[in-house]
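User: I have a structure to go through for class. Can we look at side-chain contacts together?

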Amino acid sequence: MIAAIVLSALLALSQADSLARRVVDDFDRIDAWSAHPADGVALTLHRDRGRRGRALRLDFAFTGGGYAIARRAISLDLSGNYAFSFWIKGEAAPNTLEFKLVDQSGENVWWYTERDRVFDGGWHQITIRRRQISFAWGPKGGGTLDHVAALELVVTAGSGGGKGSVWFDDLTLTPLAESGPYDLTPLVRASTSRVGHDAAALLDGNTLTSWRARGPRASITIDFLRVREFGGLTLAWEPGRAAQRYSVLVSNDGNVWRHVERRVRGRGARDHVFLPDSDSRFLRLSLAAPQGRLGFGLRDVRIEPLESSASRNAFFGVVARDAARGSFPRYLAGERASWTVVGVDGAPDEALLSEDGALEPGSGAFSVEPFLVANGKFLTWNDVTRSASLEQQRLPIPSVEWRSDGASLSITAFARGSGTGSSVVARYRITNHGRTPLHGTLFLALRPFQVNPPWQFLGTPGGVSRVDSLLWDGAQVMINGNRTVVPLTRGGTFGAVPFAGGDVVEYLRAGAVPQQTAARDPFGAASGALAWRLDLAPDSTATIAVEVPLGGHALASLADRSAAGVDRALDAAVRTWEAAVDRASIHLPGAGRRVSNTIASTLAYILINRDGAALQ
């Protein structure tokens, strides 16, 4: 024990000696900075009040895409490990933040990028370590950067776009010690423990052991013995013994602590805490208000590696790994699922439907995912036999069918409207093929997961998206304040939860939606679900439908919301596409039917994806 403490003290001293922070720019003057906007983007630079002293303010306006660059020539030598830090404040919609380093040729660029950064009007410090800076482009083709000739602070149009202002203050460069792989055994202690359940159980990797404590409050402190890098935490609670509220704090000296997360407990057995690119010597859990009279009980604290939070996709991959298979999209497990496009001729926005039945109503949007309870059995894409098809095997109206134990769910997506305004309608048809009544529930989960997978990264990166808020107003679900999901079938209920309260599928597996009909989530991972009770006699069918407007052009929802009205709207979409693809007829022998069907569907997809006379 004494040797470990001495070793950690020596390591701390050696690291402290190496941390010679250099102020790159305090922005008291900004004449070294120049504006370089893209064509069609307005950008002006201003000297303004900063967090302390003065700051650089970028005022920008995007009319579509583009970028707003503030550039400064500089001479900086980089060697070994290091970190750039600066403070940032913004009054703007979510947009992409970029920090760029340019070499002496002016042609090779290295960058750090944060897509769709949310600006809340307050000052926040960003620290960018060497490992987070990657080669972007240039004739050099890769490698590391040893000398910086120019810096660029960039705001690029993301999902928000529009007008806004972003402030930068106190840009510094700090040399860092090379920490290397963590190979020490951390010390863990608790403010109180029950006999036979001491704090050492939290890091033993055995979920059969646990730490327990009584009382309204308790704390757990982990000493890594030196500064350690990590990407997050996974907490495995004992049933009925979770903390209803807790905080995560970090410190490098054990005296001055900084809050990095505050939580209100959710429903699941595990909590996943997103702490991207974190490092500290000490980590503390401050617990309050145990769930019941038994007090606190925590089975395991898993310190997640840096790569677990390299992106939101990576983080939710960890979350999905700990969940029952089928609870999350299969791409979070690295598995492929096919998908197809749904839209109308010439409209600027489309939807995607996956072979698992998930619908993404617009590029980079949320998803509408079906989950079915049939006679007590909870069914996901993983628990059924699935098949996918196109209408008439040639029209761009896809369907996915689930089958399991005498029940089937058919999911059909079609678009209606025109190039000036369109929507996507999803029809869910549940059939009881058995000899006894079917009792259950159809859930439609609204979650921040695109159908577009993470490996589709050009333009809009796929995978995890953002859902900052959900609100049920009695007639429709408002998502992020600017999108709606309109139930066409009456009788449904709705509930929502922020990510800190658990994923909505945890509630659905327990048989009900959350009690709250609204959720706000600063983490951007709120989830919710619509639910309809099902009572089907043998050989009977129920039809449930929702409609989601696409893009910024308003389109009145379907007037006739009955099952027959939805079917008539589907028939109208079929006739429209028949007329579009049958303008030229191709006659082939029976064996060539697949070829003619492929030609017809290809023509339809060209019309869906066109932007005027050009393909998108």
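Analyst: What follows is a short talk about rings, charges and a surface patch.

User: Ok, what kind of model is it?

Analyst: This is a predicted model, in which local features need pLDDT of at least 70, side-chain atom pairs count only at pLDDT 80 or more, and totals for chains, interfaces and linings use all residues. Residues are numbered from 1 along each chain as its sequence is written, and side-chain values use heavy atoms, with hydrogens and water left out.

User: How many aromatic pairs are there?

Analyst: The count comes to 25 aromatic pairs. Rings of Phe, Tyr and Trp (its six-membered ring) pair if their centres lie within 6.5 Å; planes under 30 degrees apart count as stacked, over 60 as edge-to-face and the rest as tilted.

User: What sort of pair do F60 and F62 form?

Analyst: F60 and F62 form a tilted pair, with 5.2 Å centre to centre and 40° between the planes.

User: And is F60 buried or exposed?

Analyst: F60 counts as buried because its relative accessibility is 4%. Buried means under 20% relative accessible area, exposed over 50%, and partly exposed in between, with a 1.4 Å probe and protein chains only. F62 is buried too, at 7%.

User: What about W211 and F296?

Analyst: Those two rings are stacked, 6.4 Å centre to centre with 15° between the planes. Strands (E, at least two residues) and helices (H or I, at least four) are DSSP runs, numbered from the N terminus. Both W211 and F296 are buried.

User: Which rings are linked into a cluster?

Analyst: Ring pairs link F274, F315, F316, F328, F449, F499 and F523. One of these, F523, also has R312 over its face, at 4.6 Å from the ring centre. A charge sits over a ring if NZ of Lys or CZ of Arg is within 6 Å of the ring centre and within 35 degrees of the ring normal. R51 lies over the face of W87 in this way, at 3.7 Å from the ring centre.

User: Switching to charges: how many salt bridges are there?

Analyst: The count is 36 salt bridges. A salt bridge is a side-chain nitrogen of Lys or Arg within 4 Å of a carboxyl oxygen of Asp or Glu.

User: Which residue does R302 bridge to?

Analyst: R302 pairs with E304, and their closest N and O atoms are 2.6 Å apart. R302 is partly exposed, at 25% relative accessible area, whereas E304 is buried, at 7%.

User: Where do D567 and R429 lie?

Analyst: D567 and R429 form a salt bridge, with the closest N and O atoms 2.9 Å apart. D567 lies in helix α4 (residues 563–581) and R429 in strand β28 (residues 421–432), so the pair ties together parts that are 138 residues apart in sequence.

User: Which residues form a network?

Analyst: Salt bridges link R325, R330, E335, E355, D356 and R386 in a network. Within it, R330 and E335 meet at 3.3 Å, N to O. R330 is buried, with 11% relative accessibility, and E335 is partly exposed, with 24%.

User: Last one: what makes up the nonpolar surface patch?

Analyst: I586, L588, V595, I599, L603 and I606 make a patch of about 480 Å². Patch residues have over 30% relative accessible area and no salt bridge; like charges are joined within 9 Å and nonpolar side chains (Val, Leu, Ile, Met, Phe, Trp, Tyr) within 5 Å. L603 is found in helix α5 (residues 593–609) and is partly exposed, at 41% relative accessibility.

Technical notes:
Areas by Shrake-Rupley, 256 points an atom, 1.4 Å probe, with all protein chains shown as cover.
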